[in-house]
Amino acid sequence: MSNGGKEEEKKNEIYSQKKYFALALDPVHIGTGGYRIGRVDNTIVREPATELPKIPGTTIEGVCRNYAYLKAKEKKIEGVTPGCAKGKVKDDKEPCGRCAICITFGYAGKDSALQAMALFSDARILLFPVATMIGPVWVTSPMVLKEAGIEEKEIPEPQDDGFILPEGSNLKPPEEKLNFGWLLLKQDNNKKTNTSSWKYVDDPNEEPKLLENVIPDNIFKRIFKRIVIVPDHLFPQIVNSNLEVRTSVAIDPERGAAEEGALFTYEAIPRGTVLWFDVVYQNPRYFPALKDKTLNKTLKWKDKNGKDIEVATNENTSDDDNGAFSLLKACVEDGLSLFQFLGVGGMSSRGFGRIKVLNLEGDKNDGKH
Ligand SMILES: [Zn+2]
């Protein structure tokens, strides 16, 4: 944060923010809820205005909390109880209300409650894979990029029936035409953009970063060379007509056999989709509930190297606030690190739901893919 030559103040931020990018390793099915096996069309959650599929922030938060709990057990973090994994009173188990998980994700106990310090946005589609005559391409649009906070000087919009290939693209569409499912578009050569100069704002307190430097992932680098920009109004149509749709058969639970006429289809965000979401980390020291005597204690977690992170929740301590943010971030990112193995959403037993979060702190690209 630049303070423009003002006298140096103690860095005392109310919140910090991080943008996460994630790659779907499997199709991802987040049902609209209440679906019953045997009903046709298990639809997925969509953004009302654009009809674009998304993963709700509440889903990410709930799954992340559970996985953070698994990590806490693995790392032997003191004081974390099974009730902390749920965050609410259930089957006689109660969240402790004072561990890093309860503070990071919030909790509702019998006598006290606290809102979450980590606030999750919905995960939305950034780059969507479509099979074309020249192989898979990843489709996006100026509006989609803008909403994700990605910008160049200005990312141009192609003409109505056109698409733009960024400079340095690996794609060579025959006769400068490309089919996106049923839709045929022609290349718009009048507009230029270069993915190497795409930047995004992560934390509003910091300078914009170059997107290609943020994600140390070789698969992502290959995706980056196969991006196609389509007009904003066509993006939802292209996504919705290229979702993964599978047909399965419902099993009658009483007979253990297929129900008659019980074929059902379900939709999913396809493997290879790149999504983004934000997590806002609020500074625990600004929350009066934490100054309560019973909560006025030291929060503990361990970083990737097993080193202790300890933060006193008392605002009178002289600790740097960065400590509080690193503790919340470490807890959340430990949870997110398991998404690539354990998945998110429904149908995980059918090979659905694994997502790799691409820019976790301390992730190294060993170049050995
Ligand atoms: Zn707890």
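Me: Domain bounds here come from an automatic or database domain assignment. What makes the largest cavity lie between domain 1 and domain 2?

Reply: Domain 1 (15-49 + 52-121 + 277-357) and domain 2 (133-244) both give residues to its lining, so the largest cavity lies between them. The model is predicted: local features need pLDDT of at least 70, side-chain atom pairs count only at pLDDT 80 or more, and totals for chains, interfaces and linings use all residues. Residues are numbered from 1 along each chain as its sequence is written, and side-chain values use heavy atoms, with hydrogens and water left out.

Me: What makes a space a cavity, and how many of 30 Å³ or more are there?

Reply: A cavity is a set of points, on a 1 Å grid over the protein atoms alone, where a 1.4 Å probe fits but cannot get out; lining residues have an atom within 4 Å of a point. Grid points are joined across faces, edges and corners, and a volume is the space filled by probe spheres set on the points. The count is 3 cavities of 30 Å³ or more. The largest cavity has about 110 Å³, and its lining includes E47, R124 and W276.

Me: What is the phi of D92?

Reply: Phi of D92 is positive, about 70°, although D92 is not a glycine. Most residues other than glycine have a negative phi.

Technical notes:
On a 1 Å grid over the protein atoms alone, a cavity is a set of points where a 1.4 Å probe fits but cannot get out, and a pocket is an open set with protein on both sides within 12 Å along at least five of seven lines; lining residues have an atom within 4 Å of a point.
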